[in-house]
Amino acid sequence: MNNIKNYVQQNKGRFIDELIELLKIPSVSADSAYSQDVINTAEAVKASLEKAGCDFVELCETPGYPIVYGEKIIDKNLPTVLVYGHYDVQPPDPLDLWTSPPFEPVVKTTEIHPEGAIFARGSCDDKGQMYMHVKAFEYMIANNCLPCNVKFMIEGEEEVGSKSLSWFVERNQEKLANDVILISDTGMISNQQPSITTGLRGLSYVEVEVTGPNRDLHSGLYGGAVANPINVLTKMIASLHDENNHITIPGFYDRVEELSLEERAEMAKAPFSLENYKKSIDINDVHGEAGYTTNERNSIRPTLDVNGIWGGYTGEGAKTVIASKAFAKISMRLVPNQDWQEITELFKNHFESIAPKSVKVKVTPHHGGQGYVTPIDSIGYQAANKAYTETFGVPAIPVRSGGSIPIVALFEKELKSKTILMGFGLDSDAIHSPNEHFGIFNYLKGIETIPLFYKYFVELSK
């Protein structure tokens, strides 16, 4: 493993060029207009695994987009690492806020990334982080230092709920058998202070529809006499939080895990500047549930947010109508022990119960997933920490993430193995937003660190 830094530096240009080519393909799984591009990306990932040294690679058909599966089995008596990632990306909208086209990758220097960052949709989430594993594997094969078996499972529907992945995992437990699952789809504290994500929030995502009159009405002739679905919907949404930003759905907090003061104190050791946080997103003050810090609000507490709201006339000029319908998309981030299906049902029952008789309400569940916590005393965590410590020079800090990767809980249920989340992105990388980017330092440091995880995982497993 001693020459990994030399290998990365010698191949730096090629590694960047290969990732740029992958980022040029607009693999937006949420939009059927890009369906061929998604399939083309799967083919490109398959080719990269074959070239890196997998003995067997295939595109596994599913009810949706294909899953790229590859493996290198050197000795069935040795441990097996299963690498998970996804090749699909978020829609790039709004396009006018990008400083360069989302699928025309460019390298730009920033204050945080003086060595440059690749700006493109999917650069950090998750093509860049997924591709680190391919290149780390390439290094181990090229230098004859792969210490164990490895399997790759790269999917194309993570950004739309991973429905086909669930279908695939349930039907291929023997094929996917492993000793630990390795994922890079999270971040770390900074380029100077690595961290390992030990907890993920669950998710419940719903769409609501409020219907009033059977057609749009003249707001002069009917205003004040007929319920306006948009007005009603906004009042209903506003009632979902109280004055302390506590969610008002009955039963919502019944299963919420309350962390001890000691655990909260450990979390507080992570470096954090509230002023820098506010400055980074250009806000005057933070907002959230009373009694918790910013880092606690976005990691160990559940939330409810409106992700989109529409209805009526939104075009240029004026059109004085009372809309027949109003809509909203709402997501709830959940903490471990909260069941997403139970929360979805609680939301549906409550939202329907608070609607006035003057409107009809329809709640449509979209997708969801369970939260997840991994213990820091596991062999996988210890191996990851040793790897980070060696490449960064300081130990990693365990953190809980506010994000959701619903399939992690599925993996533990179906494959009976723990997941280690080795992320190399930063909060400032603008994933899911315009101008998403991934630092070249982070990309190359990931390639350098991942082989060390394999080394230490095998050593600690003996």
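Start by selecting residues 229-238: this is helix α7, which lies across β9, β11, β13 and β14 and runs at about 15° to β13. Contact here means heavy atoms within 4.5 Å; helices (H or I, at least four residues) and strands (E, at least two) are DSSP runs, numbered from the N terminus. Axes are lines fitted to C-alpha atoms, for helices over the stretch in contact, with angles from 0 to 180 degrees between N-to-C directions.

You're looking at a predicted model, where local features need pLDDT of at least 70, side-chain atom pairs count only at pLDDT 80 or more, and totals for chains, interfaces and linings use all residues. Numbering runs from 1 along each chain as its sequence is written, and side-chain values use heavy atoms, leaving out hydrogens and water.

Next, show the sheet under the order β11-β13-β9-β14: four strands, open, with antiparallel pairing (two strands pair if DSSP finds at least two bridges between them). Its edges are β11 (303-311) and β14 (360-369), each pairing on one side only. Zoom in on β9 (residues 202-211) and β13 (residues 325-334), which share ten bridges in the antiparallel sense. Pick L203 and you'll find R333 of β13 opposite.

Now jump to α3 (residues 35-52) and α4 (residues 127-142): their axes come within 9 Å and cross at roughly 20°. That makes α3 roughly parallel to α4 (angles under 35 degrees count as roughly parallel, over 145 as roughly antiparallel, 65 to 115 as roughly perpendicular and the rest as oblique). To see the contact, select T41, V45, S48, L49 and A52 in α3, which meet residues of α4 including M130, Y131, V134 and F137.
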